[in-house]
Amino acid sequence: FIDLNDVQFIEKNGMKLIYHTYHENFETYNSFSKIEHTLPENFVRCHKSFIVNVNNIVHISLVDACITFKNDDVCYIGPKYKNNFLEVINYESVS
């Protein structure tokens, strides 16, 4: 079991989901469609391959379309998800 508070983001890589936490990564075979609706509200889809934990975001760069987390991991914002992501997280309060 993974403490969701420690999860920075979840990455889809083929048939695998990779849970990126502060200290290590955990892999499982699953799909976004199966887990997306079971996650707490602080998990938001920002890319076709990433769901982020907004509580662990420290910086958002719209120029680079990337998100930096508390442990310096980085993931990306996809153009299809950008507007909804920024609206959901109320971007002004994060930057």
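I'll start with cysteine 75. Leaving aside its neighbours within four places in sequence, this residue is in contact with Phe9, Cys46, Phe50, Val52, Ala65, Cys66, Ile67 and Phe69. Bear in mind that this is a predicted model.

Cysteine 75 counts as buried, at 0% relative accessibility. Cysteine 46, one of its contacts, is buried too, with a relative accessible area of 0%.

Cysteine 46 is accordingly in no disulfide, and a search of the whole structure finds zero of them.

Next, the core. The largest nonpolar core has 14 residues, and Cys75 is among those with the most contacts inside it, together with Val52, Ile67 and Phe85. Which elements supply it with at least two residues each? They are strand 4, residues 43-47; strand 5, residues 50-53; strand 6; strand 7; and helix 2, residues 82-89. Helix 2 gives the most, with three residues. Apart from this core lies another, of nine residues, including Tyr19, Phe32, Ile35 and Leu39.

Now the rings. The count of aromatic pairs comes to two. In one of them, phenylalanine 9 and phenylalanine 50 have ring centres 5.6 Å apart and planes at 75°, so the pair is edge-to-face. Phenylalanine 9 sits in strand 1, residues 7-13, and phenylalanine 50 in strand 5, so this pair ties together parts that are 41 residues apart in sequence. Phenylalanine 9 counts as buried at 3% relative accessibility, and phenylalanine 50 is buried with a relative accessible area of 10%. Ring pairs link Phe9 and Phe50 with Phe69 into a cluster.

Strand 6, residues 57-61, and strand 7, residues 66-69, run antiparallel and are joined by four bridges. What stands opposite isoleucine 57? In strand 7, that is phenylalanine 69. Four residues lie between the strands of this hairpin, and alanine 65 takes a positive phi near 55°.

Key: Residues are numbered from 1 along each chain as its sequence is written. This is a predicted model: local features need pLDDT of at least 70, side-chain atom pairs count only at pLDDT 80 or more; totals for chains, interfaces and linings use all residues. Side-chain values use heavy atoms; hydrogens and water are left out. Two strands pair if DSSP finds at least two bridges between them. A nonpolar core is a set of buried Ala, Val, Leu, Ile, Met, Phe, Trp, Tyr and Cys residues joined through side-chain atoms within 4.5 Å. Buried means under 20% relative accessible area, exposed over 50%, partly exposed in between (1.4 Å probe, protein chains only). Contact means heavy atoms within 4.5 Å. Rings of Phe, Tyr and Trp (its six-membered ring) pair if their centres lie within 6.5 Å; planes under 30 degrees apart count as stacked, over 60 as edge-to-face and the rest as tilted. A disulfide is a pair of cysteine sulfur atoms within 2.5 Å.
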